[in-house]
Amino acid sequence: IGDIMEETGALIRKRRATISTGKGVPLKQVNGRSEVDESVNGRSDSGNTVTNVHVFKLSHVSPCLSCHRLQESLLSSASGYRNYRGVLNWCVVMLVLSNARLFLENLLKYGILVDPIQVVSLFIKDPYNMPAACLVIGMRTLLCSSLLSLQGCISERVGLLVHSINLSVTLCFPVTIVLMVKSITPVGGASALGVYTVLFLKLYSYKDVNKWCREMSHAKARSLARSLSCKSSVSTVSYPGNVTLRDLYYFVFAPTLCYELNFPRSPRIRMSFLLRRLFEMVSSWMIPIIQSSMKPLEDMDLPMMMERLLRLAVPNHLLWLIFFYWFFHSSLNFIAELLQFGDREFYRDWWNSETITYFWQNWNIPVHKWCLRHFYKPLLKSGVSKWLGQSAVFLASAFFHEYLVSVPLKMLRPWAFMGMMAQLPLAWFVARFLRGNYGNAAVWLSLIIGQPIAVLMYVHDYYVLHYREGSAGGGPE
């Protein structure tokens, strides 16, 4: 403090003070003398007398005298601060601790409800009779027929007819097998139908891209490789050199739904990355909650139903997040690394969604790219308005959601279809009336509450159809 006062006194004696404006800008020099000098001598530009003015030059004052500056709090949106990694780690720690307590509580209360045998029985009933696995293995016939229609040995019309039949069989044949064969479990049937749905989308894209190649080859053959091929570290392929069984198999196993002649390829397989994703690929508290929810649903006890719904919302949402990370990050990255597939954008920042539309456009990029490339843009080119095009996309998505749920459960219920179609008015409402954080909160609320409602509806209907009626007749099948 003594040093500061001594330095301050020296500055006063030398009368080398300057005045700063409120914004920290020094006053101008006039004829070699500053306006501050005039003020210190008792004169100002306006002629007023200034006395006892002691303002010091900030650059000559010790930093101890100035410890404040114009700034916002870190948690304010105006601060521009974006590094919340510590907060994210805290959320993860709290999530693990809270669910560990819940896991131990249910373990002590209900015991071990899931064992390896029960998990295996979800997929197969008889180890010597696995129709779902045979159904998946039988896809090779569909691939060969798709390849045959592009070999050039048949006409364009016949090839289009073969592809149409092939795509129809891809969707209808597994439905027939799942509904007729009683030994297929709901989980096994849903898995087989999911594989066939992915194959349907891939073959549709495969047909479209090769059709575009044929059209361009007639118009501008020399520019074909540059217009339809991605630059890659490997040699590029042009049509019809891509129409091979090896190329088709690579596309079938690649983590994408949109076909290209030359996919972007990574230079090598990183074993450390591969092992991490494999480790991530390699919760039983929902079971008692679902079981305890059956009686309120049967009795139509609305307050109890709401209580069970809220209890189911958190673990259901947690399992959904685990599935998202396991499938879209770990599994697809594992497959991409194994196949040296370069495009790893399987999702975007859907967690920052402020509208329902933004969420559906960014949480599942492979499906979004397929819808945009092979469904939405062709509709716009045919003269359909954007609103009708978006409605058609949601309608197709609602159909496949119901296809993947109702058929394996062997009961036609419109809950998944209605849930997807309800996204249209919800998307309009959120985009029209909610913005920023309120819109993001609405998106999260629709995810946390909407899915448990559909789960409870399907579980209730399946329980009533198979167990309650079966118990009246002597027990379930």
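**Getting started**

Buried means under 20% relative accessible area, exposed means over 50%, and partly exposed is in between, using a 1.4 Å probe and protein chains only. This is a predicted model, where local features need pLDDT of at least 70 and side-chain atom pairs count only at pLDDT 80 or more, while totals for chains, interfaces and linings use all residues. Residues are numbered from 1 along each chain as its sequence is written, and side-chain values use heavy atoms, leaving out hydrogens and water.

**Salt bridges**

A salt bridge here is a side-chain nitrogen of Lys or Arg within 4 Å of a carboxyl oxygen of Asp or Glu. That rule gives five of them.

Take Lys 369 and Asp 343, whose side chains meet at 2.9 Å, N to O. Lys 369 sits in helix α15 (residues 365–381) and Asp 343 in the loop between α13 and α14 (356–362), so this pair ties together parts 26 residues apart in sequence. Helices are DSSP runs (H or I, at least four residues), numbered from the N terminus. Lys 369 is partly exposed, at 29% relative accessible area, and Asp 343 is partly exposed too, at 27%.

Between Arg 270 and Glu 337, the closest N and O atoms are 3.1 Å apart. Arg 270 counts as partly exposed at 35% relative accessibility, whereas Glu 337 counts as buried at 0%.

**A buried pair**

Lys 207 forms a salt bridge with Asp 208, with the closest N and O atoms 3.0 Å apart. Both Lys 207 and Asp 208 are buried.

Note on methods:
Helix = DSSP H or I, 4+ residues; strand = E, 2+ residues; numbered from the N terminus.
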